[in-house]
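This report describes how the copies in a predicted model meet. The sequence and structure are shown below.

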Number of protein chains: 2
Amino acid sequence: MSESPSLRPVSDIDTVACIGAGVIGGGWVAYFLARGYRVRAWDPGAGAEDRLRRLIGAAWPALTELGLAPGASPDAWEMVPTVAEAVEGVGFVQESAPEDLELKRTLLAELAAATADDVVIASSTSGYPMSDMATSAADPSRLVVGHPFNPPYLIPLVEVVGGKGTEDWAVSRAAEFYRHIGKSVIQMDQELPGFIANRLQEAIWREALHMVAEGEATVEQIDLSITDGPGLRWPVHGPCLTFHLAGGEGGMAHMLDHFGPSLKSPWTRLEAPELTERLRDDMVAGAHASAGGRDMATLVAERDRAIIAVTRAVAAARGRTDG
Amino acid sequence: MSESPSLRPVSDIDTVACIGAGVIGGGWVAYFLARGYRVRAWDPGAGAEDRLRRLIGAAWPALTELGLAPGASPDAWEMVPTVAEAVEGVGFVQESAPEDLELKRTLLAELAAATADDVVIASSTSGYPMSDMATSAADPSRLVVGHPFNPPYLIPLVEVVGGKGTEDWAVSRAAEFYRHIGKSVIQMDQELPGFIANRLQEAIWREALHMVAEGEATVEQIDLSITDGPGLRWPVHGPCLTFHLAGGEGGMAHMLDHFGPSLKSPWTRLEAPELTERLRDDMVAGAHASAGGRDMATLVAERDRAIIAVTRAVAAARGRTDG
């Protein structure tokens, strides 16, 4: 491991480069602008500048409602014609090019070569491990995954993880920068294709595709089954804590002991792992850690308040009158 | 198929039997009470009556806030010592016994024999097809799955589906009754283990268990990856419409064409189906049906309003001050 460079505080960063400005890259531009940054964007696609202007315009009311940083402006960006101009003098780079491995390899190598040795380059990739994307870079030490969720200007989560050639300081600095700008960060200590949330999303997505392919359910039924069902719980407790509550007063332990046999049932095309004593105990301990000292009655009351509020919030946002 | 019996309007039903009064059965009791029904409950478990009283007490503030039906009372229930007493003269039966196939078979056979020929018996089973549960019943014609989500007094979704021996009128009547009491109903026309939502939930759950078993992620990271990520979108749009929006102005078609290759990536242990032309077209048509005439800009604005509102609602429910 090389020495980490002398680093400016992340609060000194005032300009960010956004490489690729489609739905995700453009969403990042909007978010950085709202947090008071200047942004230099690069996107070789036809009409990219107009699309980006429209995206920022569509996002700005939401960002304004959430509260802008002092001096934030929806116009503090420019689209530049080359990658070199985009990254010149910036303090952070967010790459959001199309999900094409060769393209990412070429672009990340170019970005690593064109930036100063204290600039972290984060990729918005939906699932490629950085070790696979960094293979063309002469110096992969500052290449990090910083995986956001659509729209990046509203969903707080960013998954941060390095590759084999990434220095630890670069991973930590990316996490620090994202937290500084208000993101919720999961810093992973090992590579995993799809990271965490996309593995879970993708499991749902694949099962949904199977059901449609087999004529077992329609797209509308699938969407309704989530929006009017488990989707109302997930913003408050996540899947593990949700099942902790499903266990009643016995919590996760009761749930696993009671529903354990269902793991063998063909409830999805995804095979279940063996529910060993160790896995059971890890899940029970994890659920208690996730609960963080809140007892079951507190969790239930919190969930109930949240479900009512979420239901009303969604109804109002849909323009229904029953909210 | 036999003649359907002469049916009272579902609005004439005034008493419901709840067979099993744990987390799910008790949640049903609370919901039926809030909608103004009298409930007769049966549960042979030690301490069941006290547990049910506590559950109703915990649920009632939420139910009161949502608005009670005229005459609704948290005390309009009694725990009776036998199944026969529970179902005598009731207009609907909700069975929520433990998830044990033999137990369900015995109980459903007893319930079918003990009820009048116009009374539908709905099972809260998490995933057993009714054809598997109805095997001991002399007359399975009124046995229906009515699958709720925890807590049944707040989550609107109920999945309704019959078995091979179920009459169509019984399935329709269950759906009609649930809609009458304010539920959101998915009426399925074929049996599928785990129905729809639990197949999707279970896919997430199994992938989560795999990650914990392999030491790839902690329970807390898994929960955070949903609550601060995709979980904020799912109450408003469901997984298919969410991906329709991820496609930007090109929608589902662009998303499938762009991310199609990711289906081959090891992003979950669940193998993907072949993305045939037909499946692609079905997904695109389904997304447009799910969008129901809302154009992309409308969907984006709706999503953004909803995410902000959901974020604030959840923060407030957790007792944070940032809501």
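The copies meet through the same surface, because 100% of the interface residues of chain B are also interface residues in chain A. The contact takes 104 residues from chain B and 104 residues from chain A, where two residues are in contact if their C-beta atoms, placed from the backbone, lie within 7 Å. To the side of chain B that touches chain A, α7(B) gives the most, with 17 residues. Other elements of chain B that give two or more residues to this side include β8 (184-187) and α12 (296-317). Helices (H or I, at least four residues) and strands (E, at least two) are DSSP runs, numbered from the N terminus.

|---|---|
| nonpolar (Ala, Val, Leu, Ile, Met, Phe, Trp, Tyr, Cys and Pro) | 62 residues |
| polar (the others, Gly among them) | 25 residues |

Chain B is superposed on chain A by a rotation of 180 degrees with 0.0 Å of shift along its axis (RMSD 0.0 Å), with least squares applied to the C-alpha atoms of residues with pLDDT of at least 70 in both. That is the relation of a two-fold axis. In chain B, the C-alpha nearest the axis belongs to Leu270(B), 2.3 Å from it.

Chain A is divided into domain 1 (10-187) and domain 2 (229-317), with bounds from an automatic or database domain assignment. The C-alpha centres of these domains of chain A lie 34 Å apart.

Residues are numbered from 1 along each chain as its sequence is written, while chains are lettered from A and ligands numbered from 1 in the order in which they are written. In this predicted model, local features need pLDDT of at least 70 and side-chain atom pairs count only at pLDDT 80 or more, whereas totals for chains, interfaces and linings use all residues.
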